[in-house]
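These are my notebook entries on one structure, written down in the order in which I looked things up. I begin with a pair of packed helices and work back from there.

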Amino acid sequence: MKLYEFTKSYQIFEEAQKYIPNGIYGPRTPAFLTFGSYPAFLQKGDGCRVWDVDGNEYIDYMCSFGTNLLGLRHPKIDAAARKQWDNADCFTLPSDQWLPLAKKIVGTINGVDWCVFGKNGSDVTSYAITLARVFTGKNDILLARGTYHGSHFWCQPHGQGVPEEWKTHIKYFDYNSVDDLKKVVAENSGTIAGIMVAPHRHDAMRDQELPKKEFVDAVNSLAKKEGALVIVDDIRCGFRLKLEGSALHYGWDADIQTFGKAIANGYPISVAAARAELMESAKKIFFTGTHYFSGVPFAAAMATIDEIQASGAIEKIDTLGTRLMKGMEKAAAENGVKVTLSGPPAMPYMTFADDPNLGTNRFFCGEASRRGIFFHPHHNWFVCAAMTEKDIDKTLEISAECFKITREKIGG
Ligand SMILES: Cc1ncc(COP(=O)(O)O)c(C=O)c1O
């Protein structure tokens with residue numbers, strides 16, 4: 001098999017450094033992948049496949065970091081979006097899609113009575129903590145150490161120019177540790193507005209962990225005892241595990257739930273949804289953005305929710321993801337490599353044994369990329385409903401070859 005080359009990608013990346021800080025900023029830079037073994041720019045996509053600017057084709061297990069649940073260029077979603085395009089997208093007032101989508105969210109997600117709309121996930125995680133503060137009259141927000149909730153000042157993991165004061169009221173506990181949670185709650189008792197959790201632990205650069213039942217129970221009961229709110233950040237898992245929300249899937253007693261990514265199959269919209277008791281507090285919050293009101297993503301979101309339900313997409317990605325996870329385990333074992341596949345099948349991640357800095361993972365994923373499989377060495381993957389068993393089997397065949405090369409490289 002001829003290995004992919006990325007000449008054009010890296011020429012553009014090089015030139016982009018002159019015009020754009022770091023050429024590409026944020027985690028989509030090839031520096032967060034295996035530099036030199038991945039493309040830097042994509043040109044087109046269809047279903048579960050993408051093509052880079054050098055013309056190389058990939059089965060894409062990143063799905064735009066989770067937006068692509070039904071497949072790129074999905075005919076029903078794009079038709080719904082196009083219908084709204086024909087009436088224009090962004091105009092002075094909200095479109096007539098505003099109320100229907102709010103009703104659909106409330107009718108679909110378990111335990112919510114109303115919602116607001118933003119663009120990115122960060123918009124609505126910030127909204128959620130603001131709402132918790134207004135409702136409770138308290139300021140502290142408890143987060144799990146290492147969980148990503150967005151790029152806004154209060155939650156971004158690193159980056160210069162953010163005064164420490166922005167994080168003054170953010171306190172951290174260890175995910176899945178009831179003892180640590182209890183300790184942090186006790187230390188801040190009386191000032192806690194909310195506890196924000198990811199539905200399960202999906203931090204970058206480590207195996208995923210499902211939430212332990214005793215941990216879920218502890219968050220639910222401690223929050224209640226403290227008069228604090230439970231905020232479930234469902235931006236990454238939302239619509240992948242259960243249509244009614246991952247809070248229901250795992251048993252979180254959520255007061256506020258946030259969604260983004262897959263909700264409109266790639267069209268830009270995010271949602272914070274909450275219980276009826278919070279509505280009066282919500283009326284006091286200043287929340288807006290020029291593009292928050294544009295109609296096309298609303299139309300796409302409604303079509304996406306309908307199509308996920310009608311097509312059984314959640315069951316499909318679970319089945320395909322299970323085939324992928326089991327197949328990867330088998331292919332690794334057959335080639336003498338020890339791996340751990342973690343997380344739910346709809347969004348698995350893989351690590352290698354004895355690979356604390358993920359160097360082996362970068363090598364493996366880089367080799368897969370050069371053969372047309374787009375995994376990520378540092379971040380959980382995503383399965384999409386446009387994949388077929390044939391795609392998974394092709395992935396496994398190429399992965400077996402990459403495991404063999406990896407084994408030769410690491411020895412043992
Ligand atoms: C769990 C979670 N919350 C919030 C965000 C932030 O979303 P966005 O990048 O759309 O602002 C992300 C993005 O990856 C996420 O995974």
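**Entry 1, helices α12 and α13.** I looked up which residues bring these two helices together, and found that T360, F363, F364, E367 and A368 in α12 meet I398, S399, C402, I405, T406, K409 and I410 in α13; contact here means that the C-beta atoms of two residues, placed from the backbone, lie within 7 Å. By class, this contact has 7 nonpolar, 3 polar and 2 charged residues, where Ala, Val, Leu, Ile, Met, Phe, Trp, Tyr, Cys and Pro count as nonpolar, Asp, Glu, Lys and Arg as charged, and the others, Gly among them, as polar.

Before going further I noted that the model is predicted, that local features need pLDDT of at least 70, that side-chain atom pairs count only at pLDDT 80 or more, and that totals for chains, interfaces and linings use all residues. Residues are numbered from 1 along each chain as its sequence is written. Helices (H or I, at least four residues) and strands (E, at least two) are DSSP runs, numbered from the N terminus.

The axes of α12 (residues 359-369) and α13 (residues 389-410) come within 9 Å and cross at roughly 140 degrees; the axes are lines fitted to C-alpha atoms, for helices over the stretch in contact, with angles from 0 to 180 degrees between N-to-C directions. The two helices are therefore oblique to each other, given that angles under 35 degrees count as roughly parallel, over 145 as roughly antiparallel, 65 to 115 as roughly perpendicular and the rest as oblique. I recorded the crossing of α12 and α13 as right-handed, meaning that the near helix is turned clockwise from the far one by less than a right angle.

I asked how many of the 11 residues of α12 are buried. The count is 8, so α12 is largely enclosed by the rest of the structure; buried means 20 or more other C-beta atoms within 10 Å of a residue's own, exposed 12 or fewer, and partly exposed in between. The buried residues are T360, N361, F363, F364, C365, E367, A368 and S369, and what covers them includes β12 (349-352), β13 (373-374) and α13.

I found W154 in the loop between β5 (140-144) and β6 (170-173), and it is partly exposed, with 19 other C-beta atoms within 10 Å. Not counting residues up to four places away in sequence, W154 touches S126, I129, W166, K167 and I170. I170 lies in strand β6 and, with 16 C-beta neighbours inside 10 Å, also counts as partly exposed; leaving aside its neighbours within four places in sequence, I170 is in contact with I141, L143 and W154.

Last, I looked at the 14 residues around the ligand, of which N120, G121, S122, G150 and R236 come nearest; a residue is near if its C-beta atom, placed from the backbone, lies within 6 Å. Helix α5 (residues 121-136) gives the largest share of this shell, 3 residues, and the shell divides into 4 nonpolar, 8 polar and 2 charged residues.
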